[in-house]
Amino acid sequence: MKPAPRRRWSRLRQLRRRMDNAMFTRARYSQPMMPVMCLLGGLFMPLYWFLWTYVLPQPYGNLGLHMAGCVVLLPLALQRWWPRRCKPWLPTYWYAAITFVLPFFFGYLTLRNGGTIGWMAAHLFSIFITMMLFDLASFVLIFSLGTGLAALAFQLGPHEAWPWQAMAQYAPVLALTLVLGPLASLSQKFGDQAKVKALIGASNNIAHELRTPLGSVQLAGRAIGRHLPNLLESHRMAEQAGLSVAPLRSPHLQALQRAVDVIEHEVNHSHTVIDMLLMAARPMGTLQMEPLHARACVEQALARYPYASRTERERVKLSPGPVDFVVMGSEPLLTHVLFNLLRNALFHTGRAGKGEIHVSLDSDAGGHRIRVRDTGPGIPPDVLPRIFNRFYSYSEGDAGTGLGIGLAFSQSAVERMGGRISCRSRWGEYTEFFVTFPSRVPSGQGFSA
């Protein structure tokens with residue numbers, strides 16, 4: 001295949017992925033209100049047919065079209081009970097359903113009724129609802145497609161003459177709505193971006209400010225650990241000398257030692273979390289790339305990770321072997337990518353109460369790979385395509401357990417180092433992440449494996 005067609009296919013895949021992610025994001029934002037909204041919309045469809053047929057008669061009515069709108073909306077009202085294998089299709093179905101029941105339905109019936117005042121108002125209302133539900137690009141897509149299909153159905157089906165006079169009167173109001181509505185949507189988008197920037201800046205400051213108290217706690221813990229043996233020895237000598245001292249039993253001594261260990265561990269863990277937050281907020285373009293031995297980076301990351309317990313540490317195993325390779329990258333970036341993958345694997349295997357984590361390295365013609373595999377609960381198929389989306393977080397049976405930035409940061413970091421990250425999972429069996437780098441270190445960038 002020639003380079004130009006390959007680039008075109010790559011751009012088409014990127015465009016499709018962006019569109020798919022946008023559809024998923026908008027469907028996810030609408031999901032909390034989707035059941036109630038679609039239930040009410042589905043019920044009002046036949047009710048409005050009755051209203052416009054018998055109470056406020058219109059020139060044209062179509063019970064079949066109203067019932068079709070009801071049938072299309074009701075599955076969205078029941079989306080909570082969709083089978084898991086069907087849930088990946090929810091965003092596509094959401095877009096198709098709204099295209100049918102808003103711009104197509106109201107556009108077609110407005111034309112069939114000759115552009116009466118009632119139907120023009122209803123059509124304008126449908127436009128406002130569509131703007132509220134979707135971003136600008138999605139609105140343009142849905143409105144254009146639905147309106148085009150409505151005009152085509154009107155032209156091909158039985159119809160009276162086009163209501164040109166009514167459409168000419170309606171056109172200025174419609175144009176003003178189409179111009180001002182998206183501007184409001186853009187203002188909201190800019191406002192959201194400003195909020196995100198402010199949140200990142202505040203998080204940065206908070207993370208830095210936490211360093212001082214954490215350092216003090218760490219120094220205090222180390223002081224206790226350093227002087228505790230002398231205090232215990234003094235207590236023992238006082239008891240032997242027959243002095244009146246409070247007894248210290250073995251469980252008390254063990255509790256003191258555990259407390260010192262817990263202080264040290266929690267401080268180290270907090271420093272690691274702060275480092276990860278700061279790394280995610282820091283512009284990656286400022287980091288220098290250098291040749292790195294992958295196995296050494298992996299071994300150091302596994303040794304430095306702040307495990308919550310010895311049991312957690314024992315669940316993580318690095319496959320032995322001579323496989324090693326050199327990549328052009330940043331050691332802090334690669335370390336924090338591995339930290340994110342370990343944290344996710346430990347969290348989900350811990351919640352499931354089962355599973356081990358195997359880290360391995362391998363190389364072939366397709367490139368160099370670091371693999372992190374856990375035999376935990378796996379990732380549901382409807383969730384898997386979204387795990388690298390920024391601010392998307394998933395945990396079975398517990399929403400909102402994370403910020404949804406760890407894997408998005410990992411993807412950006414790996415791409416910054418010239419590689420790619422991917423995931424493969426089978427629900428209920430395993431999850432494995434692949435961090436893949438090119439087989440060759442670019443010329444002029446140092447040595448190669």
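Predicted model: local features only at pLDDT ≥ 70, side-chain atom pairs only at ≥ 80, totals over all residues.
**Cavities**

Residues are numbered from 1 along each chain as its sequence is written, and side-chain values use heavy atoms, with hydrogens and water left out.

My working rule for a cavity: on a 1 Å grid over the protein atoms alone, it is a set of points where a 1.4 Å probe fits but cannot get out, and lining residues have an atom within 4 Å of a point. Grid points are joined across faces, edges and corners, and the volume is the space filled by probe spheres set on the points.

I then turned to the largest cavity, which has a volume of about 40 Å³. Its lining is made up of Tyr48, Trp49, Trp52, Thr53, Gln58, Tyr60, Gly61, Asn62, His66, Leu109 and Trp119. Which helix gives the most to this lining? I noted helix α2 (residues 34-55), with four residues. By type, the lining residues divide into six nonpolar, five polar and no charged. Here Ala, Val, Leu, Ile, Met, Phe, Trp, Tyr, Cys and Pro count as nonpolar, Asp, Glu, Lys and Arg as charged, and the others, Gly among them, as polar.

**The whole protein**

I stepped back to list the secondary structure, which comes to 12 helices and seven strands. Helices (H or I, at least four residues) and strands (E, at least two) are DSSP runs, numbered from the N terminus.

Of the 449 residues, 36% count as buried; buried means under 20% relative accessible area, exposed over 50%, and partly exposed in between (1.4 Å probe, protein chains only). Among contacts with a separation of 6 or more, 73% come from residues 24 or more positions apart, contact meaning heavy atoms within 4.5 Å.

**Helices α5 and α6**

Next I looked at a helix pair. The axes of α5 (residues 117-133) and α6 (residues 136-156) come within 9 Å and cross at roughly 145°. Those axes are lines fitted to C-alpha atoms, for helices over the stretch in contact, with angles running from 0 to 180 degrees between N-to-C directions.

Who meets whom in this pair? From α5, I have His123, Ile127, Thr130 and Met131 meeting Phe139, Ile142 and Phe143 in α6. The residues of this contact divide into five nonpolar, two polar and no charged.

I picked out Thr130, which lies in helix α5. Is Thr130 buried or exposed? Thr130 counts as buried because its relative accessibility is 2%. Leaving aside neighbours within four places in sequence, I found Thr130 in contact with Leu102, Pro103, Phe139 and Ile142.

- Met67 sits in helix α3 (residues 63-77) and is partly exposed, with a relative accessible area of 35%.
- Leu219 is in helix α7 (residues 164-240), and I logged it as exposed, at a relative accessible area of 60%. Leu219 and Ile263 are 44 residues apart in sequence and 9.9 Å apart in space, C-alpha to C-alpha.
- Pro332 belongs to helix α11 (residues 331-352) and is partly exposed, its relative accessible area being 37%. Cys297 is 35 residues from Pro332 in sequence and 9.4 Å from it in space, C-alpha to C-alpha.

Definitions and conventions: 1 Å grid on protein atoms, 1.4 Å probe; cavity = no way out; pocket = protein on both sides within 12 Å on 5 of 7 lines; lining within 4 Å.
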